[in-house]
Structure formats: C-alpha cells, structure tokens
Amino acid sequence: MPSTLSRRTLLRGIGTSVALPMMHVMSPTRLLSAAASDEEAPLRMAFLYVPNGMHMADWTPDQDGAGYAITPTFAGIEKHRKSFNVLTGLTLDGARAHGDGGGDHALSVEAFLTGAHPRKTNGTDIQNGVSIDQVTAEQIVKATRFSSLELGLEASAQAGNCDSGYSCAYASNMSWRGPTNPVAKEMDPGAVFDRLFSGQTSKESRRAKTTREKYRKSVLDFVLEDAKRLQKTLPAVDRRKLDEYLYSVRDVESRLLGVERLELTEEGVPDFPRPPGVPQELKEHAELMFDMMTLAMQTDSTRILSFMYANAGSNRSYPEVGVNEGHHASSHHGKSEQKQQNIAKINRFHVDRLSYFLTRLSQVREANGKTLLDNSMVVYGSGISDGDRHNHDDLPIVLAGSGAGRIQTGRHIRYENGTPLCNLYLWMMRQMGAEATHFGDSTGELDRLGSLS
Amino acid sequence: MSRQPGHTSPDYWLTESALKLRLRVFSNRRLGENAFLVTLVCESWRAVMNRIIKWLIASCLALNALAFTACDAVEQTESEAAKELEEIYQDRVIPLLRTYCWDCHGADEEVTLNGDASAVEVRANRDVWVRALAQIRNGSMPPPDGPSLDASSRVEFQKLLKDVATSVDCVNDPNAGKVAMRRLNRNEYRNTVRDLTGVDYAPAEGFPGDDVGYGFDNIGDVLSLPPLLMEKYLKAAIQITGEAIYTPPAPLVYEIQKQGGQLDGASRFARGSIAAIYSRGTVSLTADLPFSGRFKLTLRARGDQAGDQPVRVEVVSGKERQVVDVPSSQPREYSIWLRLARGSRKIEMTFINDYYVAGKADRNLHLMSVRLEGQQDPVVSNIAPDLPASHRRIIFANPSEKLTADQATTAVVSRFASRAFRRPATNSEVERLVKLASQVREDGGSFEAAIQVAMQAILISPHFLFKVEQSTPEDRVDSSPISPYELATRISYFLWSSMPDDELLLMAHQDHLKDERRLLEKIGRMIQDPRSNQFVEHFAGQWLQLRNLDSAEPDKSIFTEYSDEVRDLMRRETMTFFAGVMRANLPVTTLVTADFSYLNETLARYYGIEGVRGEQFRKVSLKGIQRGGLLTHGSVLTVTSNPTRTSPVKRGKWILDNLLNAPPPSAPPDVPDLEKEQLHGTLRERMEQHRQNPACAACHQMMDPLGFALENYDAVGRWRDREGGEPVDASGVLPDGTQFRGARELRDLLAEGRKEDFMRCITEKMLIYAVGRGTEYYDQCAIDEIVEKVGQRDNQFAFLIAEIILSDPFQKKGHRE
C-alpha cells in the first residue's frame with residue numbers, strides 16, 4: 001500500500017525552513033498517483049570545475065584498474081574510493097590556442113563543458129559553444145522545475161582584463177545556453193535556498209499572497225508582448241539581446257506554472273535551515289553550496305548542476321591550508337618545489353570538499369533503495385592539466401557516482417592520451433536520455449565505464 | 001534640478017572633500033565657519049564652472065571656423081595619406097609578407113595573403129588582415145618551424161601592417177560604431193530604481209555579477225540576462241512596488257496538516273503514518289489559531305465498509321458537532337467548515353459506528369491525514385495609513401467624482417512609464433498598462449494594488465531594463481544621430497550611472513541637447529552634482545582596477561600593518577583624489593604628477609606622513625615627500641603586487657595596460673617547459689636572468705623596468721629603502737634607451753615624454769566606458785579628435801568629459817563591421 005505523505009512535512013531548523021508545497025499541489029490524490037509505481041529514481045549529473053590545473057604528480061595513480069594505490073591528492077576522499085573512477089588521458093582540444101595566442105585559462109573553462117573553441121574577444125560578439133549541461137537540460141527540460149542550476153564560489157571579475165584578451169564573461173561562466181548566452185552562476189547559498197523553496201515556510205501561520213504577488217504571470221505575459229513589439233524595430237545585434245530576454249521571461253514563467261513539480265517523498269525530506277548568506281570561510285561556503293546542491297537533487301528540483309570552485313585563472317589564496325600565495329601565481333611553478341607543494345595543497349583542499357559532497361549524496365536514500373550518489377554522475381576536474389605547462393591533454397578528471405548502476409566505480413581508467421573529454425560527455429548525455437550522436441569534438445562514446453577492465 | 005535623497009553613504013565623502021578642496025582654494029578663512037561661507041564658496045565655484053563652460057564654447061566655435069577654412073587642405077591631406085599608405089604596402093609590407101607568410105599562405109591556400117594588389121584592396125579585405133595581425137602579435141605566426149622573426153622586426157611588421165589594413169578615412173568613410181543594447185548593470189539598476197521610485201533596493205547587490213568586457217562592467221555585448229536574473233528582477237519588482245506604494249497588508253492564512261498517525265491519541269491506532277481505528281475511538285488535532293473565522297477541515301480517509309451504514313466520523317470542537325460520512329473504500333478527501341475562535345483549539349474526531357461480525361463483516365476507519373486551513377477576513381481599518389513619500393509622489397491622481405479609475409491610472413502610469421523608459425511612453429503602451437490595471441481591479445484589487453501591478457510590468461519591461469536605442473529603417477546604413485532621449489540617457493548613465501533627471505529629460509523633450517551651449521552647461525552641472533561620484537567610483541574604480549583590491553589578499557603575517565581598514569582607506573584616497581582632480585578641473589595628467597593627495601590620520605601614518613590629525617580626509621600637500629600621483633597610491637601598488645612580495649612585472653604591465661594603452665602581448669601559449677637552472681639573487685637579478693630567455697625578453701624588457709621604478713614601495717604600498725638587506729635599485733632603461741630612476745622620474749616620463757600616449761589611453765578607456773562597447777579601428781578618428789581638442793585646453797578634465805560626449809561615437813550610431 002502506498003504510504004500517505006504528509007503534505008506539510010516540516011523541516012524544523014533555525015530560521016526559515018522548508019515545507020512541502022501547498023494546496024492541491026500535494027493533495028493526497030495526486031500523491032497517490034505519483035507514488036503508486038515503484039518509479040525508478042531519476043538519474044542526475046553534476047559538473048564541478050576547479051581552475052589552474054593540478055599537481056599531476058600527486059594526482060595520477062600509478063596503477064590502473066581497481067587495485068590502484070591512492071595518490072596524495074585523493075587521501076581525503078579515500079573513504080569514497082569505491083564510489084568514483086579516476087579517468088586519465090582525456091583531452092580538451094577546444095582549449096588549445098588554435099592560433100589565438102594566450103588566454104588558456106579563459107579557454108579552458110569555456111571549453112570545459114562545451115568542447116568548443118570560443119571566439120577571442122574582450123566583449124564584442126562573444127561566442128562559445130553550448131555546454132553539455134545546457135544541451136541536456138534543453139532536452140529533458142520538462143522533468144524538473146529547474147532545467148539546470150549553475151552555482152559557484154567566486155564572483156565575476158570586477159574590473160580589468162580577465163585573461164589575455166578574453167572577456168571576463170568567458171572566465172567566470174562555464175555554462176552556456178547558446179553560443180552568445182553565458183548562464184550566470186549563483187554564489188549565495190541563501191539565495192539558492194530561496195530559489196529552490198521560495199515562499200514555502202514551515203510556519204503554520206503566514207500572510208496570504210498579496211495582489212501584486214498573484215499577478216506575476218500576467219506581468220510576465222505583458223512584458224513578453226512588449227518585447228515582441230520592440231523586437232521588430234531593432235537591428236540584429238540588439239535582437240540577440242532581446243532573444244535572451246524573451247527566453248528568460250518564458251523560462252521564469254514556466255517555472256511559475258511548474259511549482260507543482262516539487263514533490264518530496266516522505267523519507268527524502270530535506271531538513272535544512274536556510275543559510276543566512278555567504279560565509280566568510282571558504283570551506284564553509286563550499287560545504288553549504290554542496291548542501292544546497294544535495295537538497296536540489298534530493299527534492300528533484302533539478303537533475304543537472306554545474307559548479308565552479310573558482311573562476312578560470314583565479315588567483316585567490318588559500319590561507320586555510322597555509323597557502324598565502326595566489327592560486328594562479330603558484331600554478332606557474334617553474335618547477336619550484338614550494339609552488340608545486342602549494343598547488344598540491346590547494347588540490348587536496350578542493351578534493352576534500354568533493355569528499356564532503358559525496359558524503360552528503362551518499363546519506364540520502366532514494367525510493368529505489370539506492371543512495372543519491374548511486375543515482376548520480378558527478379564530473380570533477382579541470383580543463384588544464386599542469387598549470388605551468390598549460391597543457392590540455394592528460395586532464396585530471398574524476399567521475400563519481402555509479403549512474404544508477406551504469407558505471408563500474410572504484411577504478412583508475414587510463415585512456416589513450418588525446419581521447420576527447422567530449423566522449424565522456426556524449427556518453428553521459430545519452431544516459432540522461434538526451435538524443436545525440438556527437439558533442440563538441442567527440443569521436444564516439446567513452447568506453448569501459450560500465451565494465452571492469 | 002531634483003536631488004534625490006538617500007544616496008548611499010560612500011557618496012558623501014567625495015562631496016565633502018571636494019567641498020573642502022574648494023574652501024582651501026577660495027578662502028583663507030578657517031574651515032567650517034558657517035553655512036554662509038559654504039554657500040559663498042559654492043557660488044564662486046559655480047562662477048568658475050561657468051567660466052570653464054565659456055571657454056569650452058569659445059574653443060568649439062574657433063574650431064568650427066578653422067574647419068571651414070581648412071576644408072580643402074583636409075582633402076589634400078587625405079589623398080596624400082592614401083598615397084603614403086600605398087607606398088608602405090608596396091615597398092615595405094609586401095617584402096615582409098613574401099619572406100614570412102607567402103610560403104604557406106599563397107594563392108589557393110586555405111588562407112591567402114597574396115591576393116591583394118594594393119593597400120585599398122587590403123582594406124577591403126580587412127577581416128582577413130585583422131586576424132593575420134593578431135597572429136603576428138601573438139607570436140603564433142610565423143610558426144616555430146617557419147622563418148624566424150625577431151622581436152623588433154615583429155613589432156615593426158605589426159605596426160606597418162596595422163597602418164595599412166586598419167587605416168580609416170575619417171572624412172569619407174566614418175563609422176560611429178554600434179553598441180549592443182545595454183542592460184542596466186547592478187549599480188545602474190539600483191541607482192535608477194532609487195531615482196525613479198525613491199526605494200533603495202539593496203538586494204540588487206546580490207544580482208549575479210555583471211560580466212566585464214574591455215575592463216568595464218557596462219559593456220552591452222557581455223551584459224547577459226539569464227533566467228536567474230529575470231527571476232530576481234521579478235522578485236525585485238514585487239518588493240519595490242510594495243515598498244513604494246502603500247496597500248493594506250494581506251490577510252493572515254493559517255494551515256496545519258497532520259498525518260493520521262501523528263494525531264493526539266493516535267498512538268494506539270497508528271499503523272505507519274495512518275490511524276487505523278477498528279473500534280470506537282477518538283483522535284484529535286490541536287491548533288493554535290492566530291485569528292477567529294471559518295476554517296476548512298479536510299479528512300483524508302477510507303473505510304472498510306460493512307453493514308448498512310457507511311463509516312461515520314463525528315467531529316467535535318467546543319460546541320460544534322458534525323458528522324462526516326466516509327462511504328468509499330478508496331482514500332478520498334472529505335471537507336467540512338467549522339467556525340473557530342482564536343487561540344488554542346482542540347478538534348476531536350471519533351469513529352462512531354464500529355460494526356463487527358466475526359469472520360463476516362468488519363467496519364473500520366483508516367484516517368490518513370487531517371488538514372485545517374483558513375483565511376482571515378479582510379482587515380478593515382479606519383485609521384488613515386501613513387503613506388510613504390514615494391506613494392504620494394507616484395500616485396498623484398486618485399479616482400474621484402471627476403476622475404474615473406481608468407483616468408487616474410492613465411495619469412499615474414503614463415508619468416511613471418515615461419520616467420522609467422526615459423522617453424515619453426507611447427499611447428499604446430499606456431493603454432495596455434491601464435488595461436492591465438483595470439483587470440486587477442475587476443478581480444477585486446484596489447486602485448493602489450492595480451497601480452502596483454502596472455508598475456511591476458514597467459520595472460521588468462525591456463524598455464526599462466535595457467537602454468533601448470531604436471533604429472528607424474532609414475538609418476541602418478550610415479551613422480546617424482541617436483534620438484535626444486537616447487542621448488540624454490547615454491549622458492546620464494555615463495556621468496551618474498542612473499536615469500536622466502527631469503531637467504535633462506526636459507532638455508531632450510525641447511530638443512535643447514543639440515544646443516552645444518546648453519548641453520555643456522548641463523554637463524558642467526552634472527559633474528558638480530554628487531551623483532557624479534558614481535562616475536568616479538565605477539569609471540576610476542575599474543580603469544585603475546581598484547575593485548580588485550578586495551581580492552588582493554596581502555599576506556598579513558608579513559605585512560602586519562596592512563588591514564582591511566587600511567585597504568578601504570587606500571581605495572578612498574584614490575577615489576577622492578580622482579574626484580578632486582576632476583572637480584577642480586585640473587589637467588588630466590595631474591592624476592600622475594600631482595604633489596598632493598587626500599589622506600586622513602590613519603592612512604597618513606601608514607605612509608609615514610606626519611601632521612595629519614583626525615579621521616576625515618583632507619587634501620594634503622606631498623611636496624618634499626616620496627609620493628605623489630596615482631602610481632604612488634597604496635591602492636595601485638597593492639593591487640599590482642603578489643600576496644607576499646612586489647611584482648615589478650605586474651606593475652609594469654599595469655602601467656602599459658592602463659596608462660599607456662600598450663598592453664603587452666599575452667605570454668605565448670604552451671610556454672616551453674622551463675627546464676632552467678634555479679634562478680639566484682635579488683628579485684631584480686632573477687628577473688634579469690629570466691629576461692635572457694629571448695622568448696620572454698621582448699615583452700619583459702618593456703614591463704620590468706617600468707615596474708622596477710616602483711620598487712621603493714613594498715607590496716602594500718609603504719616606502720622602503722632596502723629590500724632583502726640590499727638597497728633598492730629603482731633604475732630602469734626602456735628598450736628605446738630612455739633612462740629613469742624611481743617613481744618621480746617615471747611619472748615625469750609618463751606625463752611629459754609619454755603625455756600623448758597617456759591622454760590617448762585615458763580617452764579611449766573613458767570612451768569605452770561612456771558608450772559601453774569596445775573601441776574599433778574606426779574609432780581612432782574620434783579619439784584623435786578628442787585628444788587634440790582636449791590638448792588645446794591644457795588637458796583639463798571637464799574638457800575631456802565634454803569632448804567625449806560631443807564625439808561621434810557618443811552622439812551617433814553606426815554599424816558593426
């Protein structure tokens with residue numbers, strides 16, 4: 001017999017906390033039909049980016065296969081070793097200069113999810129490929145309230161030239177919805193919480209919606225009409241801007257209608273207080289963001305996420321692990337022992353946060369008896385291999401989660417160097433149910449993920 | 001002129017300090033004697049500004065006259081220039097192409113570089129050549145296995161090719177350029193909302209970051225509008241209208257739901273989350289009601305049916321008693337209404353008709369969940385609410401016997417929309433808004449609530465969020481002036497980062513912006529207005545990269561005197577200084593050469609300067625002190641350092657990028673493995689060893705000497721005589737042989753020998769900021785003209801701003817190439 005759900009499942013916490021959506025949305029009748037079948041838990045994917053490459057000597061395992069010895073970078077995540085694969089030899093050709101000169105950092109993050117080679121410009125006519133998360137989201141858009149979420153820890157650059165003639169739009173956005181439409185990321189975990197669960201408080205008593213809140217849809221309809229009229233009078237450059245506006249209005253509108261798709265299951269109820277804002281400490285900031293990502297996946301608010309630990313070429317220092325030099329400056333180590341050690345420390349710091357994320361995902365048990373981590377595919381890595389050489393082959397890539405049984409985890413898989421990273425993406429897209437025969441510079445689907453080798 | 005209250009506090013310091021500056025200039029009396037004095041001084045300041053404006057006009061008139069008489073000469077010069085370019089192409093560029101390019105880029109190759117017989121053809125084929133230029137500049141062409149091109153020949157090659165390929169005929173083929181429609185950035189949004197509605201919307205700080213292009217965050221091409229931002233705009237519109245216009249608070253709603261198994265007294269019936277009641281039994285729901293009223297109680301239940309009655313539940317609350325039949329054996333919802341009083345209330349639910357025949361019949365109740373919900377009756381208040389000022393200002397017409405609601409709405413909405421759109425709202429726009437509002441009223445909304453909804457539509461309209469510049473069919477080919485309203489908008493976002501004030505809109509309406517005298521007077525007043533602090537903060541803050549100061553993170557274990565407070569004071573010093581130079585209309589080069597700055601006691605002590613007391617900033621003479629000009633500001637010195645030490649390379653690059661407009665090419669991609677022996681010695685010695693690598697030398701020969709001239713300032717901007725035990729050597733030689741030592745000689749070099757470069761640089765940066773797009777080769781025409789005109793006026797600051805506003809790229813729109 002189906003378990004009856006409490007529509008008002010409360011999340012007691014400090015401050016505001018989350019309750020289930022209201023009224024007919026979660027009426028038991030609906031839930032009855034929703035909960036009736038032993039539905040397969042959905043498959044999720046997330047992309048986690050770190051800038052400036054890695055200290056590869058500490059990263060790449062010596063042995064291949066399941067019996068590899070954990071390398072220093074992975075010390076903090078060893079407890080999850082059965083849940084991820086280290087992939088060696090993947091390559092991002094789009095990040096190479098192809099005659100455009102410097103700007104590897106901007107290129108590497110831009111190409112990281114698109115496999116494309118972005119146009120070199122400081123602003124005029126920016127152009128990149130469409131990123132894997134957005135392509136996939138586009139295809140499975142109806143499934144969840146948010147087709148995708150884009151998050152990060154570092155604000156967009158405030159001034160100056162981001163990287164050798166590349167606009168900062170390149171360095172600070174890795175998700176691209178269209179060739180000219182970077183998708184901005186959210187950095188405030190409190191704001192993420194509000195987006196996910198806006199207006200839903202656990203308080204039994206609250207104010208009814210004001211008139212102006214009730215007319216959101218009418219207002220959006222109204223400006224859609226405005227924009228359509230305006231579009232006719234604009235030159236091509238501006239029309240592109242307006243297209244973006246139209247897309248965004250429609251997207252928000254569909255989300256207003258789609259509120260009812262937030263469905264929490266009895267045992268999957270998030271119990272989490274609203275984060276008050278951006279914490280001072282980077283560690284705490286990262287962990288809160290991972291909490292939010294877990295919550296978003298757990299409540300099936302979205303199935304696709306991208307997350308930037310920092311912007312491309314980030315030069316923030318990491319005093320929390322004793323690195324007072326900037327990250328980017330250290331990555332140009334010129335074989336300096338100390339700088340390489342600094343990079344190694346930063347790498348471990350980031351991987352330790354990944355470990356936290358995997359822990360959170362593994363704590364959530366889903367309807368099919370598996371954990372959220374089991375039902376996910378989490379890509380972690382950088383578009384640069386060694387920060388000093390700025391090479392884009394032999395990339396440091398981790399693939400965590402077993403993709404609901406599709407991936408045999410716990411291994412170090414060595415591919416022939418030069419194998420397109422996009423082959424992995426193509427494989428993932430198809431697992432997500434997206435139809436594609438190629439992506440970026442893919443030459444086929446990545447092999448050996450499902451079987452022991 | 002309307003001055004809006006509520007400018008955020010950081011704005012005021014600039015005004016204060018500028019005011020003090022004037023007091024010093026115009027009066028020997030003690031500071032702050034009385035308000036009268038201040039007024040007086042302001043008056044004399046105004047007189048000075050008027051004088052400036054008169055000079056401006058005179059210069060323009062003079063130039064016009066000159067232009068007439070010189071017309072023929074100009075044409076002649078143009079054709080001579082063309083001839084010269086042709087010669088350069090034939091005699092100098094073609095031989096270089098032959099040597100370095102044609103082997104691979106001959107006829108029939110993928111990229112052909114030998115197809116253009118003349119300089120004119122080269123220009124017609126500009127796209128290809130611009131890409132070739134970039135490759136030469138990057139060092140990616142010729143390829144490593146091709147003929148080698150040494151650094152100085154590369155520079156020469158580049159320059160010649162650039163002259164030929166991107167020269168532009170300013171007279172016959174001008175292009176004012178086309179800015180991509182600009183979205184308001186975060187600052188502009190917040191300022192505009194404040195000036196429009198009186199509401200300071202602080203959460204705008206939390207909007208996703210505006211991407212930066214060409215060093216600035218107001219570039220149309222990169223200001224994207226992702227759904228995340230649209231969501232925030234919508235939310236903002238709801239909050240802003242709620243704050244600007246008073247409407248009674250929405251009624252309270254109350255709602256509680258419990259699972260059957262969680263109800264009071266259910267423990268003995270609980271089967272999982274369900275209360276399964278097999279014989280007469282009672283469960284209850286306790287609710288703490290915040291108001292009295294009608295509440296809807298909904299039971300979700302099913303019954304095991306048996307006998308001649310359906311399953312029955314009796315609901316009792318206080319004196320109320322109702323019976324609910326549960327006739328289905330499938331889960332269904334059953335609702336009843338209860339009138340309940342405020343306070344703690346207990347609602348009992350009893351299964352009253354148990355029926356059981358062993359082995360044959362069994363009537364049972366399965367209660368899945370219980371929900372209680374209600375809404376407060378509308379609040380009726382006799383007390384007139386205290387309306388916010390914005391409410392009275394925006395809703396200046398109310399429905400009355402003489403005015404229908406639609407008429408009042410029309411009045412209110414057309415004014416608001418016209419200000420929001422920065423041009424008169426069209427009839428059809430107003431009609432649609434009025435219709436939207438009337439729908440709200442038909443649904444039962446109040447007049448005010450209906451206005452709020454219409455305002456929301458305005459606040460997320462593309463006409464508000466974007467600086468729309470409409471094109472008409474005939475102006476798609478040639479450069480043509482933008483409309484007066486569009487011009488007013490450009491001016492006001494340039495100087496104030498906000499919407500035009502009523503005066504500027506009125507000038508646009510009366511078409512007075514064409515009148516150069518009136519326009520210049522207005523620009524003068526705008527520079528004086530505290531709102532131009534926005535220009536200082538955003539233009540200077542980005543041009544000089546002060547915004548990056550927050551992420552500089554000097555190592556506080558090494559630089560113990562550095563603190564967040566010092567950092568903020570440093571930034572404030574530079575901003576105040578910039579504002580001071582601007583408002584005193586000093587030559588722009590003063591930014592580099594000034595022998596004064598603005599300090600308070602804390603910062604002065606940090607710099608080791610005596611005799612400054614108190615927390616307020618004031619102008620301080622630096623005569624005889626090893627400081628002066630931007631290059632010696634702690635802010636600039638810190639932002640160009642590494643966390644643990646100075647970086648002459650970064651400082652040199654900063655100077656080349658931001659003061660000389662000669663950005664060094666980027667480091668070559670795939671820098672070869674630096675399998676070099678460890679470098680030894682002082683930083684300077686190590687850098688010199690580094691430069692011996694020819695791959696690095698070409699650029700570092702330029703960057704490093706500039707940076708080393710500032711070595712007397714440590715990574716957080718304090719003076720030092722020694723570094724690492726050795727005396728600081730701040731001397732340098734540029735590749736062209738120019739020698740200099742220390743900051744003072746460096747800044748003299750910049751302000752004298754390189755004055756033209758510096759002026760071109762700040763002109764170009766400011767033009768980018770002013771029009772919101774990167775400059776293209778054809779903008780050289782405008783930049784040349786601006787630099788020349790400003791030079792004729794001793795490079796005074798107000799002239800630079802004025803000439804940018806008067807230039808074609810600002811006044812007109814052209815096309816993209």
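At roughly what angle do the axes of helix H10 (residues 405–421) and helix H11 (residues 427–442) of chain B cross, and within what distance do they come?

Modeller: Happy to! Residues are numbered from 1 along each chain as its sequence is written, while chains are lettered from A and ligands numbered from 1 in the order in which they are written. This is a predicted model, in which local features need pLDDT of at least 70 and side-chain atom pairs count only at pLDDT 80 or more, whereas totals for chains, interfaces and linings use all residues.

Now to your pair. The axes of H10(B) and H11(B) come within 9 Å and cross at roughly 130°. Helices (H or I, at least four residues) and strands (E, at least two) are DSSP runs, numbered from the N terminus. Axes are lines fitted to C-alpha atoms, for helices over the stretch in contact, with angles from 0 to 180 degrees between N-to-C directions.

Contact here asks for C-beta atoms, placed from the backbone, within 7 Å. By class, the contact of H10(B) with H11(B) has seven nonpolar, four polar and three charged residues (Ala, Val, Leu, Ile, Met, Phe, Trp, Tyr, Cys and Pro are nonpolar, Asp, Glu, Lys and Arg charged, the others, Gly among them, polar).

Chain B also has an open sheet of four strands in the order E5-E10-E7-E8, with antiparallel pairing. Strands E5 (281–289) and E8 (320–326) of chain B are its edges, each pairing on one side only; a pair needs at least two DSSP bridges. Neighbouring strands of this sheet are turned by 20° against each other on average, direction ignored. E5(B) and E10(B) (residues 343–351) pair over nine bridges, and B:Ser284 has B:Glu348 in E10(B) as its bridge partner.

A word on confidence in chain A: its pLDDT (the predictor's confidence in each residue, from 0 to 100) averages 81, and 82% of the residues score at least 70. Over residues 1–38 of chain A, however, the pLDDT is below 50. Where pLDDT is low, the predicted coordinates should not be read in detail.

Notes. Contact = placed C-beta atoms within 7 Å.
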